[in-house]
Amino acid sequence: EINRFRQILKCLFTNREEIRKECLKLELRLKENALKTHYQKQCHEQIEMMCSSERVDKATDKLDHRLALLKARRLQMEQKREEELRHFEESTNWLHRVENEMRLLGQDGHIPQELSKDLQCYNLKIEVNDLKTQIEYMRILASLQEQQHKQTEKILGSSLLVLRKQYIALQNAGL
């Protein structure tokens, strides 16, 4: 009977681990989407400050299109994440039923020690894998932010160069 429950736990936690991986992946994609949306708006603000009205109009059309795509992707990912969270909740309910059945095997309504240790190991394994995944995803998000930072520095450098030239031109004109 204990071996049967060990197999059930193994299958149950394999399923839970896959659901968690998918949830974390969707959360990463949602955060990337939010960052990209923010960066698109920020870039458009920079274009508005530096460019002619023709280029601003053209950029606004592109921005609207990009933002619509990002919003559609976000909504799709949010829906998928909600579905995965429902699956995880179902898995949790199933786990509670299995735990209750295991309690019937033990004394005084306690889960037998060998199954309790298996249960604890599976839970810890999922937590460790979640943390490893979150660390990797933080690296990905940091990389995305670093790319944007480099782009901003490039724009700032160009702007300062233009500003310096204008300052020199005004100084030479005696203004």
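**Helix packing and aromatic contacts in the predicted model**

The axes of helix H1 (residues 2-50) and helix H2 (residues 53-105) approach within 8 Å and cross at roughly 160°, the axes being lines fitted to C-alpha atoms over the stretch in contact and the angles running from 0 to 180 degrees between N-to-C directions. H1 is therefore roughly antiparallel to H2 (angles over 145 degrees count as such). Helices are DSSP runs (H or I) of at least four residues, numbered from the N terminus. The residues of the contact of H1 with H2 comprise 24 nonpolar, nine polar and 18 charged; Asp, Glu, Lys and Arg count as charged, Ala, Val, Leu, Ile, Met, Phe, Trp, Tyr, Cys and Pro as nonpolar, and the others, Gly among them, as polar.

The model is predicted, with pLDDT of at least 70 required for local features and 80 or more for side-chain atom pairs, whereas totals for chains, interfaces and linings use all residues. Residues are numbered from 1 along each chain as its sequence is written, and side-chain values use heavy atoms, without hydrogens and water.

The count of aromatic pairs comes to one (ring centres within 6.5 Å). Phenylalanine 13 and tyrosine 122 are stacked (planes under 30 degrees apart), at 5.1 Å centre to centre and with 10° between the planes. Phenylalanine 13 lies in helix H1 and tyrosine 122 in helix H3 (residues 113-172), so the pair ties together parts 109 residues apart in sequence. Phenylalanine 13 is buried, at 2% relative accessible area (under 20%, with a 1.4 Å probe and protein chains only), while tyrosine 122 is partly exposed at 22% (between buried and exposed, the latter being over 50%).

Terms used:
Helices (H or I, at least four residues) and strands (E, at least two) are DSSP runs, numbered from the N terminus. Angles under 35 degrees count as roughly parallel, over 145 as roughly antiparallel, 65 to 115 as roughly perpendicular and the rest as oblique. Rings of Phe, Tyr and Trp (its six-membered ring) pair if their centres lie within 6.5 Å; planes under 30 degrees apart count as stacked, over 60 as edge-to-face and the rest as tilted.
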